[in-house]
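The sequence and the structure come before the details.

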Amino acid sequence: MDGQPSGSGEIRLVDVTKTFGDMDAVKSIDLVIPHGSYCCLVGPSGCGKTTILRMIAGHETPTSGEIHIGEQMVVGLKPVQRGTAMMFQSYALFPHLSVLDNVAFYLKMRDVAKDERRRRAREMLERVQLDHLALRMPAMLSGGQQQRVALARALITNPRVLLLDEPLSALDEFLRLRMRGELKSLQAELGITFVHVTHTQPEAIALADMVVVMDHGRIDQADTARHIFSRPATPYVARFMGGQNVLSGTVTDTSGGVLVITDASGPTYAASASGPMPGAGTAMSFVVRRDRIALTKGATAAPGERNAVNGRVIATEYQGTYVKVTLDVASREAFVANIADDIYFAEPLKVGDEVTARWATADVHILERADTGAAIDPYAEDAA
Amino acid sequence: MSLPSQGRRPWTFYVLSVMFTLFVLFLYGPMFIMFILSFQGPTGGLVFPMRGFSLTWFDALFGQARTGDVGGAFSRSLPLALMVMVLTVLISVTAGFAFRRRFVGSGFLFYTAVASLIVPGLVLSIGILVTARFLGIPARWWFTGLGAHLSWTLPFGLLIMFAILGRLSPSYEEAAYDMGATRWQTVRHVVIPIVFPGMIAVALFGFTLSYDEFPRSWLTVGSLNTLPIEIWTMTTNVTSPALYALGTVTSAISFVAIGLAIGSIAYIQHRRSKRT
């Protein structure tokens, strides 16, 4: 039998490409996932995130490139030799085997004696608090219980990397939040690398030490959850993760460490620049967080005033702790301000009201890449 | 899930109920009349009224040579049906798996297999006989007859396997691979147990289609008859209720086969859902 690999669960993808027919699912990706981290791959359907997961798992072979786990080059190895275990989207529990036999399956395949494998499977079930259901059939379990069985079945292989393919998508909202918490604490307890594929941004932000945002087979940004959310690199990441307004213009002044950006339709913006100053005339995009916007009634932005935009309210949505106010600001994209509930209800707005949105220069974050006019709604793209 | 209730049943419900009742009577009525008449008294005839009840005609069936070689025909039909059953399961299951991935000529192969459902059985029977003659092979129930029956059962078996394997998620096999199972272990411990109820359905089709096949048997079984041909021969020269007794016995065997198959499927599913 092949020896159980141990050691580091660091995953390195080097120039990995995967082609299906004439379509590139993943295009020359480089990525390092540190040992013992919780990594979320996030992106719309068809972006290649599941393909990456399956290549790490050994269920797909890269067309070119290398995948390393720890010290090992794993392309061509079987999952068990890689020290990976995968939890499938629909859990793929064997319907003809009891919970106990599902968990013991790995041991049975390695000819572990019956008593021994049942004992170890029971221990694993105790760990996920399901030992009382050991003799049930999978069809008799709730979604959350099935998920725990799948988890126990994967963990009994003693993996150094656990791969989770949209593990929470089959659960209802309440259970999803609970299992999310359990996954996070399990990862902290085991200290192994978790790679979790999801298309839900809040899930990625809540769980991950490292978020990898993907689009069309490429990685747009790989960073900590906090940076992905508050300092997105590209307009796509900003829009996909949400919570940001993306604005664009051309640089008109760079004196005094302040970058002045003018939109062709009128407004001028200011940002404190970091790094090398771009020359005048450069197209630039930047983001302002929705919760850093202040609104005042009436179209009061003076011509030339920086970081002030006139707009008309087109929708308001109560969200409990804040109110989401959507404005039409005569650009191709709606502008959103999330106003704290106490501030909003001190002076409520209604649809059609003229307002001015203002924000501080310090809250402006310049993007690495200017908006190319690509799809504004990441979900509206051709989901292949 | 329940359908929305719309109060009183519409008149169409009663019309359709009557039609359905008539349909069921038409379907099973003649069979039940045959069952009843097979218990005709010793002096009774082929039609009502019943002149007492007896098992005389069942006795005549197995006792006297006059009623034809029922025992011999049965001793050929049963093994033939069992052989067809086993071969149909083996070939349909393996072919079903082969068709899961596209291969060169898979479409053509599928259509040629299914086309034999459309070819009239008697024509096929003649074709097989002529071919066998040409090749110098004598027609035998266990050779040419077997082939003719397989041409009838395999397309059914294949279509059933398509339906079953279409619902078999590849993630089961991937999960097994993920947990270190070899190809053979995956087939043995995961795939076969999951598709087993479907394999029983294929076996049932293989058995019953062969057991009562007439047109494809007619010219291909050679000089020794199978049961359907023997019964057909008997209708021309036996004029006693022994004919009905034979019908009752063969129907009973078919029902036992179906009962066993459905019972075992139900047992497996019960075990899967209710084991606590």
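## Strand pairing in chain A

Strand S11 (residues 244–253) and strand S14 (residues 283–289) of chain A run antiparallel and are joined by 7 bridges. Strands are DSSP runs of E with at least two residues, helices are runs of H or I with at least four, and both are numbered from the N terminus; two strands pair if DSSP finds at least two bridges between them. A:Gly249 has A:Met284 of S14(A) as its bridge partner.

S14(A) is also joined by 3 bridges to strand S20 (residues 364–366) of chain A, again antiparallel. Here A:Phe286 stands opposite A:Ile366 in S20(A).

## Model and domains

The model is predicted: local features need pLDDT of at least 70 and side-chain atom pairs count only at pLDDT 80 or more, while totals for chains, interfaces and linings use all residues. Residues are numbered from 1 along each chain as its sequence is written, and chains are lettered from A and ligands numbered from 1 in the order in which they are written.

Chain A has domain 1 (11–230) and domain 2 (243–370), with bounds from an automatic or database domain assignment. Their centres, taken over C-alpha atoms, are 40 Å apart.

## Contact between chains A and B

Chain A gives 23 residues to the contact and chain B gives 18; residues are in contact if their C-beta atoms, placed from the backbone, lie within 7 Å. On the side of chain A, helix H2 (79–82), strand S6 (84–87) and helix H3 (99–109) each supply at least two residues. The largest share, 3 residues, comes from H3(A).

How values were computed: Contact = placed C-beta atoms within 7 Å.
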